[in-house]
Amino acid sequence: MASLCLLDDVGLIAKRWELNNEPVSIGRDDSAEVSLDDESLSRRHFMVFRDNDGYAIQDLDSQNGTWVDGKRTHTTKLKHHDCIVAGRTIFLFDDRPVTGTPILTAVEERRPMTTQPAA
């Protein structure tokens, strides 16, 4: 199952949100499904949504833009381990199969990211 991970100041996963077939908006306003306290985020900054063959991200006309792997984007297909920067907030897109216990929505975590060889 794909997920969107919020990274903390040292690159550890602070929160994780499971993604499904419903679009998820991210921003600083309470109207966003993922609301964060970052004044450099727009009220509704970007959205992650499922398309025909995976997930994509769309900037919602934010003032500061949305960046995927260092490139400003309006709409981009997401790949496993894409780094998303919006305002001063950094996310990681995780599209690897989940094994073991399913992750709950907005699980608090503090573990380092590990890279795994591509299959």
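Tutor: Let's start with Ser 3, which is buried, with a relative accessible area of 2%; buried means under 20% relative accessible area and exposed over 50%, with partly exposed in between (1.4 Å probe, protein chains only). Before going on, note that this is a predicted model, where local features need pLDDT of at least 70, side-chain atom pairs count only at pLDDT 80 or more, and totals for chains, interfaces and linings use all residues. Residues are numbered from 1 along each chain as its sequence is written, and side-chain values use heavy atoms, with hydrogens and water left out.

Ser 3 belongs to strand β1, residues 3-7 (strands are DSSP runs of E, at least two residues, numbered from the N terminus). Its side chain meets that of Arg 16 in a polar contact of 3.0 Å, that is, a pair of N or O atoms within 3.5 Å, where within protein one must be able to donate a hydrogen and the other to accept it, and residues adjacent in sequence count only if both atoms are side-chain atoms. Setting aside residues up to four places away in sequence, Ser 3 also touches Trp 17, Glu 18, Leu 19, Leu 92, Phe 93 and Asp 94; contact means heavy atoms within 4.5 Å.

Leu 19 leads us to the largest nonpolar core, where Leu 19, Ile 26, Leu 36, Phe 46, Val 48, Ile 84 and Phe 91 touch the most other members among its 21 residues. Elements giving two or more residues to this core include β1, β2 (13-18) and β11 (89-94). Such a core is a set of buried Ala, Val, Leu, Ile, Met, Phe, Trp, Tyr and Cys residues joined through side-chain atoms within 4.5 Å.

Notes
Helices (H or I, at least four residues) and strands (E, at least two) are DSSP runs, numbered from the N terminus.
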